[in-house]
Structure formats: structure tokens, C-alpha cells
Amino acid sequence: MRFEFATAQRVIFGPGASRQAGALARQAGQRALVVTGRDPSRAQFLLDSLRQNGVGAVVFPVAGEPGVDTVLQGQTLAEKEDCDLVVSLGGGSALDTGKAIAVMLTNPGDVLDYLEVIGGGKDLAEPSAPFFALPTTAGTGSEATRNAVFASPEHRQKVSLRAPTMLPKVAIVDPELTWGVPAAVTASTGMDALTQVIEPYVCIRPNPLTDALCAEGMRRAARSLRLAFEDGRQAAAREDMAVASHFGGMALSNAGLGAVHGFAGAIGGMFNAPHGAICAALLPHVMEANLRALRQREPRHESLRRYEEVGRLVTGRPAASADDGVGWVRQLVSDLSIPPLASYGMTEADMAEIIEKGSKAGSMKANPIVLTTEEQREILGRAIQRSRQA
Ligand SMILES: [Zn+2]
């Protein structure tokens, strides 16, 4: 066995932990670019904390899904304002944007020189400027990953900036920051978190560290996602989801994902749909197709045993099977009112392009078994329709 594991330099978890941000930032720099979501007023406590600790702050709000141009604008602002560290407070969009700006502050040129696929693909050789990540949703686990994802509308594609040095200097995971998240966002982001502890567990290159993170993440997400959806102020449920999300980020970054994320990357570039909602619509169908393909073509595959364990972990029943796990996920998707992909405008006519783009994704290559085109069409066809009709 060989494996490597990397994560944020320092992780601070707990209710109220975000109040330490200013004191920690003071040790890292003098002037922070503060990357927020659409509404920067939510960052007021953070700006106060920075200023009380003598750290200057320049706010850069990110509205909606960030594109490559968002990174260029943020980098320009940070350079003009002499920022020497970046602090992100928000969901995956704010975190990914801040992560990319921080690494661009120390590397020559701009983000287009380094992007995969559509850019120059150069290596980010210089260590990133200090980056602090404070997630306000429990989903992407971006505070524990080494990449940042951006939309490129002209290519109808998501593109990634990736480097080991992009891992945050400090991840502050404060579950209280997620209390105000609306139910529909709790559902979609929470399903992303759940997917991100299932896919690395059954993927082709898991390791004992990611296995432990995924098992604990599945247990917590399974017992708490419904509760957090029904009542966003249930502190214990929010805490479980924050743990699951963070563990998912560590797991995917050090193991890999699978077909759900292979498709989701392609679909996310083509349609304006939340990443977590795309994952949720796909997850039960990918699990079912993977199981069937493994049983038919590779009945002794290690991932089959792992799917049995997933069944036990998510249902909490020691006698549960892999198929029980699929049924449990399908019921959860229905209970959380996850819309079918048709509601974002996706039709069967899009399937060929999604399959083509998905086949090039690193996530697809980590799926436990290579799915046939027919199997992929079946998954997408079911995810387009309402799941209860599937
Ligand atoms: Zn995801």
C-alpha cells in the first residue's frame, strides 16, 4: 500500500470558531482581500475581527457562479490594494475564488496561464499567499481541497485551477455560520457532502485515511441531513453536516470521486444548476448502475464489498445490503424535494455531449468500473426525470 495525504495546514472546528479569524490573520499578513458571497454585509463580524486585530480589509463580493473573469478582477483588486493575504467567507464559490486569487498573488502572469483545458496549463510553482477559508455552507468541503472550479461560458465547460500549494493555510469550520442557510440550499449542498463521502469510499484509489473519513462522514450526514433540512437551527445536525462536508473535501482531494462528479462537472458547465442539486439527482442512479455493472462484469471487485458497507452506514442497520443503501439514498432525494435535471432545461438531446465531456473528467476515471455508453444514458435519462418515476 502507498498513499499520500494533504490537507489545510491548520483546521479549527467549532461553534463560534470564526471569531478567532482576525487574531489568526494577524499572524499571516497585514492587509486582507475578503472574498464574500453576494451579500457582503454577512461578513461584517469578520471585517470587525480583522480591523480589531490591525489587519486591513478590502471586500470583494462574488455574485453567483464565479467565472475566469471573476478571478482576474479579484487579482487586480488585491494587487492594487497591496493585499498580502486572502480570507474567504462563503459557499464554494467564494472559497474557490479566494483560493485562486491567493495563488495568483505569488505566481507570475494571470489565471489564464495556468488553467487546465482552456488555459496555458502552466505549473503553479510558487507557494500561495496565505489563504483562510471560512465555509458558510456544508457541502463542497472546498476548505480542504487543492483546486478551484470556474465556469467558462464560452466553452460551456467548468475549468479547474489545481496545485498542492493551493491548500488553505487555515480552515475555520464554524457550524454556526450555516444556521441561516435556507432549506433548499441545505438540501443541495448537503447532498454534495453526502456524495463526496460515498464516491471516494467506492472509487478506484481509496486509502485507509480517506476510508475512515468517509465512513464517519456517511454516518453523520445520514443521521443529520434530514434534520438540518427540516430545522436549520438544530445545532447538532448542523455540526454533523459541517463535519461531513469537511471530511468529504479531505477524502475527494486525497482519493478521488466517481461518475456522479464526472457527469456533474459536464452538466454544471452546460446548465445553470446548483452543483449539489446535480449530484443529488444523479447519485441514486449512479450507485444502482455501478452496482449492477460490478455484479455483471467484476463480481469479485473490492468496491462491491464497499457498497455493502455504504448500505450499512447510511441506513444505520447492520443487516442492510448495498441495495438498501441505494433505496435509502433514493428516498432521501425524494424527501429533500430535489428537482429532476429536466427542471434546469436538460433533455435527452444533451446526453451525448454530457457523456463526451464526462469521459474526459478525472472524476469519471476514478469510478469503480468503466460504465458503457448505454449504462451512462440510462443514468442520465433517469436523473432527467423525477426520481420516483425511475
Ligand atoms: Zn461535489
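Reply: One definition to start: a crossing is left-handed if the near helix is turned anticlockwise from the far one by less than a right angle, and right-handed if clockwise. By that rule, H9 passes H14 in a right-handed crossing.

Me: What kind of model is it, and how are residues numbered?

Reply: It is a predicted model: local features need pLDDT of at least 70, side-chain atom pairs count only at pLDDT 80 or more, and totals for chains, interfaces and linings use all residues. Numbering runs from 1 along each chain as its sequence is written, and side-chain values use heavy atoms, with hydrogens and water left out.

Me: At what angle do H9 and H14 cross?

Reply: Roughly 155°, and the axes come within 9 Å. H9 covers residues 275-297 and H14 covers 373-384. Axes are lines fitted to C-alpha atoms, for helices over the stretch in contact, and angles run from 0 to 180 degrees between N-to-C directions. Helices are DSSP runs (H or I, at least four residues), numbered from the N terminus.

Me: How are H9 and H14 oriented to each other, then?

Reply: H9 and H14 are therefore roughly antiparallel. The cut-offs: under 35 degrees is roughly parallel, over 145 roughly antiparallel, 65 to 115 roughly perpendicular, the rest oblique.

Me: Which residues meet there?

Reply: From H9, they include Leu282, His285 and Arg292; from H14, Glu378, Ile379 and Leu380 are among them. Contact means heavy atoms within 4.5 Å.

Me: Switching to the metal. What coordinates the zinc ion?

Reply: Asp192 (OD), Gln196 (OE1), His261 (NE2) and His275 (NE2), at 2.0 to 2.1 Å. Donors are N, O and S atoms within 2.8 Å of the metal (3.2 Å for Na, K and Ca); water is not among the atoms, so sites may look incomplete.

Me: Why is the arrangement irregular?

Reply: Because the four donor atoms subtend angles of 89 to 154° around the zinc ion. Four donors count as tetrahedral if all angles lie between 85 and 135 degrees; four count as square planar and six as octahedral if opposite donors are over 155 degrees apart and all others between 65 and 115; anything else is irregular.

Key: Helix = DSSP H or I, 4+ residues; strand = E, 2+ residues; numbered from the N terminus.
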